[in-house]
Amino acid sequence: PVVSALEIGGVTIDKDDVVKDDPTNNVPDSIYTKLGLQLHKRDKHPLGILKNAIHSYFDTNYSGKFVKFDDLCPIVSAKENFDDVLVPADHVSRSYNDTYYIDAQTVLRCHTSAHQAELLRNGHTHFLVTGDVYRRDSIDSTHYPVFHQMEGVRVFSPDEWEASSKDGTTYAAEDLKKCLEGLARHLFGAVEMRWVDTYFPFTEPSFELEIFFQEKWLEVLGCGVTEQEILKRSGNVDKVAWAFGLGLERLAMVLFEIPDIRLFWTSDERFTSQFSKGQLGVKFKPFSKFPPCYKDMSFWISDSFTENNLCEIVRAVAGDLAEEVQLIDNFTNKKGMTSHCYRIAYRSMERSLTDEEINQLQFNVREEVESKLKVVLR
Ligand code: PHE
């Protein structure tokens, strides 16, 4: 069902107000229909169960000091999403290829960090923000254009680190790692994890926590010591802070053994009935898996071709029947023309698909790709 008006966190959004052929808007209907679903607020949904478990870890360890927000509107200004957290003007995440823009100044938040600056300005020193975030991306079992994050921020006053022999940054970084390792143990018990140094525009130093899952290291959160500039601008001049942003789906997939990210969106009772309020880490029992069907398509690309644009077309046509889109061949001929071959895996998690249905999907994908992507089908 296409919703035309919805209310999220006190903000009313009228979808029909959004000019559809506005070139500064790249939000497809398949994304609009996800707005306002707020899976993280369902106590019997794996994402809600996980959110509640993380809340209770913070409640127990910080005697309720962390204020929780899970109702902030996902439509934010580009300023809040990027500038306020010091994302450079030329950073890839600002591109129309990576982020959904409602218009040139307004985006679907691509991270919960979009709320950091305002909450700091409002004087909050301990807070958790949970919400749906939106990113244009590839298609596979761990990527979906809408997912959920939880942001955590803690601000320290000078007296807190001055009592130790450490400087503020070292003190905050150590506290941050201790807090998140404790959280990982609270959620997983024993699990293999590792810290990786990384870069974020809003923290320095910055780290990622990875967890070993399905034979691979899976990135589950990013964190670090907040840039002084952010604190200064929010009226916290002499303070130090840490921040983290964790991906709820990634963690929930590991905890509940959920093999495919599309399952979070299904209303199939064989999925939903397996989870109950407060029950963390019940192992999901897959209901009979239907076979995937693979279809290949090859085309000559133009300079403007991007994989994210291709994936968006596949999602628009096939919805959650699209399981994976994979580049399987790539070559440039003597004339300098580049050919890509993509393999699309179609599979329903609820039923078996007929050949006819899949052929129709693939036909529609080819038509759309040809008319929208400036490529030449081979
Ligand atoms: N916003 C970052 C992301 O989405 C995560 C993050 C949050 C990193 C807070 C550091 C501090 O990847």
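This is a predicted model: local features need pLDDT of at least 70, side-chain atom pairs count only at pLDDT 80 or more; totals for chains, interfaces and linings use all residues.
## Overall architecture

The chain contains 11 helices and 16 strands. Its C-alpha trace spans about 70 × 45 × 45 Å along the principal axes. For 378 residues, a compact globule would have a radius of gyration near 21 Å; the value for the chain is 22 Å, which agrees with that expectation.

## Burial and contacts

Buried residues make up 34% of the 378 residues in the chain. Of the contacts between residues at least 6 apart in sequence, 68% join residues at least 24 apart.

## Packing of α10 and α11

Two packed helices are described by the angle between their axes and the distance between the axes. Helix α10 comprises residues 307–318 and helix α11 residues 355–372. Their axes come within 9 Å and cross at roughly 140°. Because angles over 145 degrees count as roughly antiparallel and those from 65 to 115 as roughly perpendicular, α10 and α11 are oblique to each other. The crossing of the two helices, α10 and α11, is right-handed.

On the α10 side, the contact is made by Leu310, Ile313, Val314, Val317 and Ala318. Helix α11 contributes Leu361, Asn364, Val365, Glu368, Val369 and Lys372. By residue class, the contact of α10 with α11 consists of eight nonpolar residues, one polar residue and two charged residues.

Methods. Residues are numbered from 1 along each chain as its sequence is written. Helices (H or I, at least four residues) and strands (E, at least two) are DSSP runs, numbered from the N terminus. The radius of gyration is taken over C-alpha atoms; the globule rule is 2.2 Å times the number of residues to the power 0.38. A residue is buried if 20 or more other C-beta atoms lie within 10 Å of its own, exposed if 12 or fewer, and partly exposed in between; C-beta atoms are placed from the backbone. Two residues are in contact if their C-beta atoms, placed from the backbone, lie within 7 Å. Axes are lines fitted to C-alpha atoms, for helices over the stretch in contact, and angles run from 0 to 180 degrees between N-to-C directions. Angles under 35 degrees count as roughly parallel, over 145 as roughly antiparallel, 65 to 115 as roughly perpendicular and the rest as oblique. A crossing is left-handed if the near helix is turned anticlockwise from the far one by less than a right angle, and right-handed if clockwise. Ala, Val, Leu, Ile, Met, Phe, Trp, Tyr, Cys and Pro count as nonpolar, Asp, Glu, Lys and Arg as charged, and the others, Gly among them, as polar.
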